[in-house]
Amino acid sequence: MSDELQHFSMGTWIVALAAVTSFIGVFVGIASARKAMTAPNPRQRYLWLAWGALSIGGFGAWLPHYIAMVGFEVYGSVVRYDVLWIAISFVVPVAAAAVALVIISPPPTKHRRPSTSVEISRLAGGAVLLGIGFTGMDLAIVASLEIQGAVNSDIVLTTASAAIGFVVGAGIMWSISALESRTLRLVASVVVAVGLVAMHYTGVFGLSATVDQSVARPDGLEVFSILFPVFVLGMLVVTIPITALLMAPDRVAAELELEADMLAAESLAAETQGRELELQ
């Protein structure tokens, strides 16, 4: 038995693909959550919330983490992934995102019109839940690792990774509730994507391995066996809300356009009335 440090290859293409994937998922998730806040009926509201949870928790957080695991190697052992823990690592962030989005997007009532303004308590609760989901996802991914031996975690870097996850969760909730501009949401999504990738690498750099050659080779899945089907499925998941969002006008832009039309109509009416008075 021997102590071996893990090796992590940070190829430019791996980091870039993970970051771009995270950005797409987060941006679509934020946009979907905002659409849910102004949905005209419960069915559309829950549909947008579902797309938002899958986009943020699945495509924005979970998938980039496994993309980054392409470069993970352990000297002296093959690396495989346990199917059950893979499933858990996916369900945890998606479920957390779903509950968080429901919290900050209450259904409209007779006394509360659809609005993007939410109470601080709802925002904080959603951020904490999302942070817990991201942290649980990270821990489940580590638990899914199978090698000839055991994988160990550094408590300091694991804690730092969790802290980044909570900050990222707060950033997502704030972006959903406070950012009216699509451009600002784009910028926020870039920052969040960088944060999620940083969270992953912070945690992984705290991993080490104890290799035991007498242990049988693990028989779990290879990382590419996970990534290819999930990446294709993930692209389909985000394509549907992207198409719907592109076809639907931005709510703020629509409101501004309506207000401009109303002002133009009022101006025209006043001008017409003034000419009528002059003729009299």
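Mentor: Start with a polar contact. A polar side-chain atom of T135 lies 2.9 Å from the backbone oxygen of G131. The model is predicted.

Trainee: Why is T135 called buried?

Mentor: Its relative accessible area is 17%. Buried means under 20%, so T135 is buried. T135 sits in helix α4, residues 120-144.

Trainee: Which residues does T135 touch, leaving out those up to four places away in sequence?

Mentor: A162, F166 and M199.

Trainee: Why does F166 count as partly exposed?

Mentor: F166 has 33% relative accessibility. Under 20% would be buried, and over 50% would be exposed. The value falls in between, so F166 is partly exposed. F166 belongs to helix α5, residues 155-178.

Trainee: What makes the nonpolar surface patch of about 240 Å²?

Mentor: V128, I132 and F166 make that patch. Nonpolar side chains are joined within 5 Å, and each residue needs over 30% relative accessible area. At 33%, F166 passes that cut-off.

Trainee: How do you know that the span of helix α6 agrees with its 23 residues?

Mentor: Multiply 1.5 Å by one less than the number of residues. For residues 182-204, that should give 33 Å. The end C-alpha atoms are 33 Å apart, so the two agree.

Trainee: What caps the N-terminal end of α6?

Mentor: S181 does. Its side-chain oxygen lies 3.2 Å from the backbone nitrogen of T183. The cut-off for a polar contact is 3.5 Å.

Trainee: How many helices and strands does the chain have?

Mentor: The chain has 8 helices and 7 strands. Of its 280 residues, 43% are buried.

Key
Residues are numbered from 1 along each chain as its sequence is written. This is a predicted model: local features need pLDDT of at least 70, side-chain atom pairs count only at pLDDT 80 or more; totals for chains, interfaces and linings use all residues. Side-chain values use heavy atoms; hydrogens and water are left out. Helices (H or I, at least four residues) and strands (E, at least two) are DSSP runs, numbered from the N terminus. A polar contact is a pair of N or O atoms within 3.5 Å; within protein, one must be able to donate a hydrogen and the other to accept it, and residues adjacent in sequence count only if both atoms are side-chain atoms. Patches are made of residues with over 30% relative accessible area and no salt bridge: like charges are joined within 9 Å, nonpolar side chains (Val, Leu, Ile, Met, Phe, Trp, Tyr) within 5 Å. Accessible areas come from the Shrake-Rupley method with a 1.4 Å probe; for residues, only the protein chains shown count as cover. A salt bridge is a side-chain nitrogen of Lys or Arg within 4 Å of a carboxyl oxygen of Asp or Glu. Buried means under 20% relative accessible area, exposed over 50%, partly exposed in between (1.4 Å probe, protein chains only). Contact means heavy atoms within 4.5 Å.
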